[in-house]
Amino acid sequence: MDFNGNGSSQLMTQTTDPAITAAAESAKAQIQAAYMMALHRPRNSEQARLRILQNCRRPEFAERVEYSKPIGGQKITGASVRFVELALREWGNVRTEIQVIYEDDYVRRLLVSVMDLESNTCFSKQIQMRKTVERRDAKGKEIVGQRLNSYGETVYIVRATDDELQVKENAAVSKIIRNEGLRILPSDIVDEARAEAQKTLHTRDAKDPEATKKAML
């Protein structure tokens, strides 16, 4: 109730978008259902561990368990996005959630969360993405800026298409899920799985070195 200077009052009404209310209720129901499922079907840590290791014994998947990139003249390795995605599924009762918390014509801000439904542990991080990509050839694109790359070449900053923005978003979200997911997965199981994958690849290479050499070439 709002009172003005003349002593009269005016009832202030506030309208709410039904779509927003429905979306909020739907998200609430999904989270409640996930917690109930975790309560009725608790994870068996040892079985989950064995399933993760079993996947690492497949040569095709073992190749994707680790990533490697050069930093400061050294090769840095770690658990890959694909491995963490599979490990979280096998670990069970883990919920990942992606929310758009802000968006305008220039940026999109996301909140990415990884939650262990059994321990009620949640790790999350915000990311902000500009709705632009870099291209050497800007023909047919809306240019919003430019810069020189490390080779002294001009690189154009152009407005991203819907598909380009989706690819950019997927890559950024996957990296956060990997990093935050590793905070939920037991580190000893992750280390054991990486060692198992390396053993799988070593055994395969020893059996057929010519095939391995051909694949590398």
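Guide: A polar contact is a pair of N or O atoms within 3.5 Å; within protein, one must be able to donate a hydrogen and the other to accept it, and residues adjacent in sequence count only if both atoms are side-chain atoms. This is a predicted model, where local features need pLDDT of at least 70, side-chain atom pairs count only at pLDDT 80 or more, and totals for chains, interfaces and linings use all residues. Residues are numbered from 1 along each chain as its sequence is written, and side-chain values use heavy atoms, with hydrogens and water left out.

Visitor: At the start of α2, which backbone nitrogen does a side-chain oxygen of N44 reach?
Guide: Helices (H or I, at least four residues) and strands (E, at least two) are DSSP runs, numbered from the N terminus. Helix α2 covers residues 45–55. The N44 oxygen comes to within 3.2 Å of the backbone nitrogen of E46.

Visitor: Why do the buried residues of α2 line one face of the helix?
Guide: Buried means under 20% relative accessible area, exposed over 50%, partly exposed in between (1.4 Å probe, protein chains only). In α2 the buried residues are A48, I52, L53 and N55. The arc is taken from the directions from the helix axis to the C-beta atoms. Seen down the axis, these residues line one face because they fall within an arc of 160°.

Visitor: Is E196 buried or exposed?
Guide: E196 lies in helix α6, residues 187–207. Its side chain makes a polar contact of 3.1 Å with that of R57. Contact means heavy atoms within 4.5 Å; leaving aside neighbours within four places in sequence, E196 is in contact with L53, C56 and R57. Its relative accessibility is 17%, so E196 counts as buried.

Visitor: In β4, what is the bridge partner of K69?
Guide: Two strands pair if DSSP finds at least two bridges between them. Strands β3 (residues 66–71) and β4 (residues 74–79) pair in the antiparallel sense over 6 bridges. They form a hairpin with 2 residues between them, and G72 in the turn has a positive phi of about 60°. The partner of K69 is I76.

Visitor: Which are the edge strands of the open sheet of 3 strands?
Guide: The order is β8-β10-β9, with antiparallel pairing. Each edge strand pairs on one side only, and these strands are β8 (132–135) and β9 (143–148).

Visitor: In β10, what is the bridge partner of R135?
Guide: β8 and β10 (residues 154–159) run antiparallel, joined by 4 bridges. The partner of R135 is Y156.

Visitor: What separation do the C-alpha atoms of S124 and V114 have?
Guide: S124 is in strand β7. At 42% relative accessibility, S124 counts as partly exposed. Not counting residues up to four places away in sequence, S124 touches L111, V112, S113 and E180. S124 and V114 are 10 residues apart along the chain, and their C-alpha atoms are separated by 6.2 Å.
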